[in-house]
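Here is a short report on how one structure is put together. Look it over alongside the sequence and the model.

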Amino acid sequence: MSADSKKKQNEAHKFGIETRAIHAGARPDAVTGARNTPIYQTSSYVFDDAEHAADLFNLQTFGFIYSRLTNPTVSVLEERMASLEGGRAAVCAASGHAAQFLTFFTLLGPEDEFIASRNLYGGSITQFGLSFKKLGWTCHFVDPDNPENFRKAITSKTKAIFIEILANPGGIIVDVEPVAAIAKEAGIPLIVDNTMATPYLCQPIAWGADIVLHSTTKFLSGHGTSLGGALIESGKFDWAQNDKFPSMTKPEPAYHGLTFYETFGDFGFSTKARAVALRDFGPCLSPANAFYTITGIESLPVRMERHIANARAIAEFLDSHSAVSWVSYAGLKSSSYYELAQKYLPRGPGSVFTFGVKGGYDSGVKVVEGVELFSHLANIGDTRSLIIHPASTTHRQLSEEQQAKAGAGPDVIRLSIGLESIDDLIYDLDQALSLV
Amino acid sequence: MSELHYKDSFIRKILIETKAIAMVGCSANWNRPSNFAMKYLQGKGYHVIPVNPRYAGKEINGEQVYADLADIPVSFEMVDIFRSSEAAEMVTDQVIELASEKKISVIWMQLGVRHDEAAQRAEAAKMSVVMDRCVKIEYGRLFGELGWSGVNSGIISSKRPKVRV
């Protein structure tokens, strides 16, 4: 490098995550100066002339056609998600499940396979294991506690590895770094769902993830108001390193023979997910939901601090309660995941976790019905504290064996700790446990 | 190889001061990346001059194609190279020779194209060099359009963006 080149190599100021949670993707409106992001509640956008329309449809220029593909409010959320995760680009979707579908539709063809951790949100186990099967995609589930299990399950048809780094329903952390090394060696992308941790607690791309997925419905939106999902690509995966990804490296018949990796480079995957999967299946995010999510993310860092402080206090309270047989929270020193939590989630291992109530299924039902402040519902990551009995709800579709393997056995109660006064949360749980 | 870093202000200055771009290796096929970039940059008001011996004398996107940079009868500030890294070295050496005659001040090598030694020679000849970047993507990133596709522009600012149509 010459002296001139060195001068150009500056270390640009790196903005912190608190700043990016508020500003990334959201400059003032160019025309009106509106400081907050407007809700562009429009289905479609005028073309300057026929040539402009053709350029847009051909993806030769940047711009808006129809809100199933892109919308200016949704675009702000997409850029913000890409920034927070340290990725190159993002595509938002109607829900986390929709983001998963867009990702796997872009990656897989009929008879392709992928490997997933068995410790996942129950709805994902059903989506991968049953619904995807109808499309000719096979998912092999493995115990993530030993990263070598992923290597053993790889075949010539394997196109990806999928994990939740902080796994739902709680307390389990996957050692992502060795799993990333296994995926890299096999020439396949590592997909990490980061919903439970959020980019404030963990940024999986820094540990080797190639694609990060979110249900933005949870802590990002943060107030239990707005469904949404996002896929973020790192921009670092070489789709041309082998012949496993023809949908990225060969001319695409569904898009006039365009070759997405060659044309769009490090944001080729998200461009393909948008231009083909989102276009043809349609699970787009509404601009109003994008707005609520953008607003929610602005306070993500301060909310997560409180979520974690409250979760720690509740976990300690339950750990010493006589009606509780065990607590699965990686922030407790007694947890076998404590060391992994220190490594991957140094600010704290989230605020969703499980505990076992003495007396099994019936006791579990008594507790979820006995609370007065905790809300009994199927969501996580709300300002409100939430409680659920997975065996009778979120993980109900699974067999007993699957429930047990997913950490959702009959005695398990899942909590999502909110932002209320800690004394009130402890008071409520204590009175509900006294009913057992 | 180390990662390349260019200041946003450096790239922005090049894009604002450039009026005409000779595009070496420009394809006549509409769905090739070079054709994409040419069409986009034409739409932003740049005079893009395609250079490709395969199509010499014909037109791409309404512009006459030249076989060689030396054949272009007008001056142009930038040479944008859509060739392999090895070929980029030869093109760069030719540009250094033609620089004063054609008033060329910028050598730009596209995504995936990089030749550090050639770049050093060009910089020694007082030229600005950008490697492994796409002119279209950088234009979109710095002037606010790239975020429309959910791409992380890296730009944080409380100022109203200046729209360049």
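## Basis

This is a predicted model, in which local features need pLDDT of at least 70 and side-chain atom pairs count only at pLDDT 80 or more, while totals for chains, interfaces and linings use all residues. Residues are numbered from 1 along each chain as its sequence is written, and chains are lettered from A and ligands numbered from 1 in the order in which they are written.

## Two domains in chain A

Chain A is assigned domain 1 (15-28 + 40-296) and domain 2 (300-433). Such bounds come from an automatic or database domain assignment. The C-alpha centres of the two domains are 28 Å apart.

In the contact between them, 33 residues of domain 1 meet 38 residues of domain 2. Contact means C-beta atoms, placed from the backbone, within 7 Å. On the domain 1 side, helix H2 (17-23), helix H6 (122-131), strand S6 (172-173) and helix H9 (198-201) of chain A each supply at least two residues. H6(A) gives the most, with 4 residues. Helices (H or I, at least four residues) and strands (E, at least two) are DSSP runs, numbered from the N terminus.

That domain 1 side has 18 nonpolar, 11 polar and 4 charged residues. Here Ala, Val, Leu, Ile, Met, Phe, Trp, Tyr, Cys and Pro count as nonpolar, Asp, Glu, Lys and Arg as charged, and the others, Gly among them, as polar.

## A mixed sheet

Five strands of chain A form an open sheet in the order S10-S11-S14-S13-S12, with mixed pairing. Two strands pair if DSSP finds at least two bridges between them. S10 (324-328) and S12 (375-376) of chain A stand at the edges with a single partner strand each, so one side of each has no neighbour in the sheet.

S12(A) runs parallel to S13(A) (residues 386-388), joined by 2 bridges. A:Ser375 has A:Leu386 as its bridge partner in S13(A). Helix H14 (residues 300-319) of chain A packs on the sheet and touches S10, S11 (352-357) and S14 (412-416) of chain A. The directions of H14(A) and S10(A) make about 150 degrees. Axes are lines fitted to C-alpha atoms, for helices over the stretch in contact, and angles run from 0 to 180 degrees between N-to-C directions.

## A crossed helix pair

Helix H5 (residues 96-107) and helix H12 (residues 268-281) of chain A pack at about 100 degrees, with axes 9 Å apart. H5(A) is therefore roughly perpendicular to H12(A) (65 to 115 degrees). Contact residues include A:Phe105 of H5(A) and A:Phe269 of H12(A).

## Chain B against chain A

33 residues of chain B are in contact with 43 residues of chain A. Helices H2 (33-43) and H4 (116-124) of chain B each supply at least two residues of the chain B side. That side has 14 nonpolar, 13 polar and 6 charged residues.

Note on methods. Two residues are in contact if their C-beta atoms, placed from the backbone, lie within 7 Å. Angles under 35 degrees count as roughly parallel, over 145 as roughly antiparallel, 65 to 115 as roughly perpendicular and the rest as oblique.
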